[in-house]
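Please consult the sequence and structure shown below alongside the text.

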Amino acid sequence: MAAYNLLLLPGDGIGPEVMAEVERVIAWLNAAGPHSFATESDLVGGSAYDAHGQAISDAAMDKALAADAVIFGAVGGPKWDGVPYDVRPEAGLLRLRKDLELFANLRPAICYPALADASSLKREIVEGLDILIVRELTGGVYFGEPKTITDIGNGQKRAIDTQVYDTFEIERIARVAFDLAATRKNLVHSAEKRNVMKTGVLWHEVVSQVHAREYPAAELHHILADNCAMQLVRTPKQFDVLVTDNLFGDVLSDIAAMLTGSLGMLPSASLGAPDAKTGRRKALYEPVHGSAPDIAGQGLANPIAMIASFAMALRYSFGQIESADLVESAVASVLEQGLRTGDIMQPGCTRVSTADMGAAVVAAMERIAG
Ligand code: NAD
């Protein structure tokens, strides 16, 4: 019986509420076997600041580095608006991403049939949609130097951001995309702006080389990022895996995510390089949403994004495809039953609390597993 070590970092606001529902799923999987998960919890964000004066303690960081996967809730809230910049709640997440060297951000956009009418697009355009956006997370224009605002006289200032990519950064994100595509339709779109950007020229060249050299069986299409934005809302089902840089990925993943409805439904994963010995990647799984202070502590939060993030851990960190499929089928099933938290409420459906939704997902897992 394989035992995997999970570090749970619930964080602030609705973080602990939605994490409790993941713990329910983990308890069911542990009882059902054959794999088992050992969990440990620690503080992050505002709650860590209150306890330690830091957004994540060194001890919690050590646990994150040693864990097989980190499951992260959400951080932040008005209570910590005035704390010093370098210990603000978000600094905990940034440190985790940096120290675990998480360079690949995975954002699936899946449209559950039961929620197809909640999309701003027509049902036939989004029903059955299943896209995976792979965004480079640690390079590009958000980190490139120089990054300055300079006074250039005459009441004028000049702002400079630098978009910079090296070959190895493009190669490793391309490999993540092709590896993931091999578990799906083996179809990759690579988006850049080679018509106006040198980084786009290099991106195109390196992705093409990785494809020809290492993944000739995959189907690769290059697409300009602006056209890609248009195609995502025009015919999104043409995409399977979409790989792109940090800036375009930020924008395109939000477009793709919103095709499918509420923030409370959206999971994500951030992956690092494979470990030389075990082959396993450092990984952090988190819902896309924040700590939702407006609804915290009231049992109103939708736990599906958090539960679906854990399903991604089962799939991408532990290769437990059957368990991941089971969790995702259970989510689809409770939506088919018409159970809804407030954020996805539709006429004729039954409104349930955070805990009721988590319990319904586990009951559906039990039913489907037979
Ligand atoms: P948010 O995602 O917390 O909330 C936006 C809106 O969506 C709110 O109305 C909220 O009630 C709703 N919502 C979010 N998740 C939901 C869920 N699971 N179920 C039902 N409704 C949900 O974004 P915000 O309000 O801009 O930010 C609140 C705090 O969260 C801020 O302190 C912000 O810095 C932080 N934040 C953290 C993260 C993170 O931890 N990764 C991400 C985004 C924002």
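The notes that follow treat the ligand surroundings, the helix packing and selected backbone features in turn.

The structure is a predicted model. Helix H1, residues 15-32, packs against helix H12, residues 354-369, and against helix H10, residues 304-316. A further packed pair consists of helix H6, residues 167-182, and helix H7, residues 198-214.

**Ligand surroundings**

- Glu90 contributes a polar side-chain atom, which lies 2.7 Å from an oxygen atom of the ligand.
- Gly290 contributes a polar backbone atom, which is 2.7 Å from an oxygen atom of the ligand.
- Asn302 likewise presents a polar backbone atom, here 2.8 Å from a nitrogen atom of the ligand.

**Helix H1 with helix H12**

- The axes of H1 and H12 come within 9 Å and cross at roughly 20°.
- Because angles under 35 degrees count as roughly parallel, H1 is roughly parallel to H12.
- The crossing in which H1 passes H12 is right-handed.
- On the H1 side, the contact involves Glu17, Glu21, Arg24, Val25, Trp28 and Leu29. These meet Thr354, Ala355, Gly358, Ala359, Val362, Met365, Glu366 and Ala369 of H12.
- Classified by residue type, the contact of H1 with H12 holds eight nonpolar, two polar and four charged residues.

**Helix H1 with helix H10**

- H1 and H10 pack with their axes 8 Å apart, at an angle of about 40°.
- The two helices, H1 and H10, are therefore oblique to each other.
- H1 and H10 form a right-handed crossing.
- H1 supplies Val18, Met19, Glu21, Val22, Val25, Ile26 and Leu29 to the contact, while H10 supplies Met306, Ile307, Phe310 and Leu314.
- By class, ten nonpolar residues and one charged residue make up the contact of H1 with H10, with no polar residues.

**Helix H6 with helix H7**

- The axes of H6 and H7 are 9 Å apart, and the packing angle is about 50°.
- H6 and H7 are therefore oblique to each other.
- H6 passes H7 in a crossing that is right-handed.
- From H6, the contact includes Thr167, Ile170, Glu171, Ile173, Ala174, Arg175 and Phe178. From H7, the residues are Leu202, Trp203, Val206, Val207, Val210, His211, Arg213 and Glu214.
- The contact of H6 with H7 comprises nine nonpolar, two polar and four charged residues by class.

**Backbone features in loops**

- Gly33 and Pro34 are joined by a cis peptide bond, for which omega is about 0°. Pro34 is found in the loop between H1 and strand S2, residues 36-41.
- Glu145 and Pro146 are also joined by a cis peptide bond, with omega about 0°. Pro146 is located in the loop between strand S5, residues 130-136, and strand S6, residues 148-153.
- Asn154, a residue other than glycine, has a positive phi near 50°. Asn154 lies in the loop that runs between S6 and strand S7, residues 156-160.

Methods. Residues numbered from 1 in each chain as written. Predicted model: local features only at pLDDT ≥ 70, side-chain atom pairs only at ≥ 80, totals over all residues. Heavy atoms only, no water. Axes fitted to C-alpha atoms, helices over the stretch in contact; angles between N-to-C directions. Helix = DSSP H or I, 4+ residues; strand = E, 2+ residues; numbered from the N terminus. Parallel < 35°, antiparallel > 145°, perpendicular 65-115°, else oblique. Left-handed = near helix turned anticlockwise from the far one by under 90°. Contact = heavy atoms within 4.5 Å. Nonpolar A, V, L, I, M, F, W, Y, C, P; charged D, E, K, R; others polar. Polar contact = N/O pair within 3.5 Å; in protein donor to acceptor, adjacent residues only side chain to side chain.
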